[in-house]
Amino acid sequence: MSMNRKKCAINILMLLLLLGGQAVVAAGEGAEIAGSESAPAKMDEVATTSWGDVLARVNDTAITRADVDRAVRIFLAQNRVSHDLAAEVRKQADEAALEQVVATRLLYLDGLKLEIKDLDKQINDRISRGKAKFPAVEEYVAALKANNLSEQDALEIVRTEIVVANLLESRVISRIVVTDAEIRAFYDQNQDKFK
């Protein structure tokens, strides 16, 4: 599979993870939504919790209100959506973000079981490329602060992305076979999406 197809497949899987995280949560061993007897559960309490409150646990890792807020902010920024959301929309975003954070953590823990060559170098390279997008180091640091992130948080986010992508590549992507005819048929049926 070509590199572009692999990147596309990983992006699609990450999107499916974001949209379908609840299925992963339901199947995830060791995942528990705080205040519930089983996962997944209604998470009405998500919007009314404070910054450090634990919303879920994945094995020994606590998922806090801060983690969910960060996931929502990153998603809104990546999609250029206003942070001023109606209460019901914000609640839905919080619930989806909690599911995404839990699902990502489950995948990360599973991904740690696989060997990743030069993981620390990959992390440092990705962080360096991110910093290079800013005219000055101060602007990079300001962008982190604007998202309530430390440099250590950024390192952990990148580590998680690499470990999860490696897991998806080794267990899912490598098994996907898409022919040129299927690609062409999809393109022909969806030309309006490629403008």
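Gly 130 is partly exposed in this predicted model, because its relative accessible area is 22% and the buried class stops at under 20%. Gly 130 sits in helix 4, which covers residues 119-132. Its C-alpha atom is 8.3 Å from the C-alpha atom of Tyr 140, a residue 10 positions away along the chain.

Tyr 140 brings me to the aromatic residues. The count of aromatic pairs is 3. One of them joins Phe 134 and Tyr 140, with ring centres 5.7 Å apart. The planes of Phe 134 and Tyr 140 stand at 70 degrees, so this pair is edge-to-face. Are the two partners buried or exposed? Tyr 140 is buried, with a relative accessible area of 7%, whereas Phe 134 is partly exposed at 30%.

Phe 186 and Phe 194 also form an edge-to-face pair, with 6.2 Å between the centres and 90 degrees between the planes. Phe 186 has a relative accessible area of 46%, so it counts as partly exposed. Phe 194, at 47%, is partly exposed as well. Together with Tyr 187, Phe 186 and Phe 194 make up one aromatic cluster.

Now the chain as a whole. There are 7 helices and 3 strands. Starting at the N terminus, the order of elements is α-β-β-β-α-α-α-α-α-α. Of the 195 residues in the chain, 30% are buried. If we take contacts with a separation of 6 or more, 63% of them are between residues 24 or more positions apart.

Next, the strands. Strand 2 (residues 54-58) and strand 3 (residues 61-64) run antiparallel and are joined by 4 bridges. Within this pairing, Val 54 is opposite Thr 64 of strand 3. The hairpin made by strand 2 and strand 3 has 2 residues between the strands, and Asn 59 there adopts a positive phi near 55 degrees.

On to the interior. In soluble globular proteins, nonpolar side chains tend to be buried together. Which residues have the most contacts inside the largest nonpolar core? They are Leu 119, Ile 123 and Ile 127, in a core of 17 residues. At least two residues of this core come from each of helix 3 (87-111), helix 4, helix 5 (137-146) and helix 6 (151-171). Helix 6 contributes the most, with 7 residues. Leaving out neighbours within four places in sequence, Leu 119 touches Arg 159, Ile 162 and Val 163.

Last, one helix pair. Two packed helices are described by the angle between their axes and the distance between the axes. For helix 2 (residues 65-78) and helix 3, the angle is about 105 degrees and the axes are 9 Å apart. The range for roughly perpendicular is 65 to 115 degrees, so helix 2 is roughly perpendicular to helix 3. Where do the two helices meet? On the helix 2 side the residues are Arg 65, Asp 67, Val 68, Asp 69, Ala 71 and Val 72. On the helix 3 side they are Arg 90, Ala 93, Asp 94, Ala 97, Leu 98, Gln 100 and Val 101.

Technical notes. Residues numbered from 1 in each chain as written. Predicted model: local features only at pLDDT ≥ 70, side-chain atom pairs only at ≥ 80, totals over all residues. Heavy atoms only, no water. Buried < 20%, exposed > 50% of the residue type's maximum accessible area, 1.4 Å probe, protein only. Phe/Tyr/Trp six-rings, centres within 6.5 Å; stacked < 30°, edge-to-face > 60°. Pairing = 2+ DSSP bridges. Core = buried A, V, L, I, M, F, W, Y, C linked by side-chain atoms within 4.5 Å. Contact = heavy atoms within 4.5 Å. Axes fitted to C-alpha atoms, helices over the stretch in contact; angles between N-to-C directions. Parallel < 35°, antiparallel > 145°, perpendicular 65-115°, else oblique.
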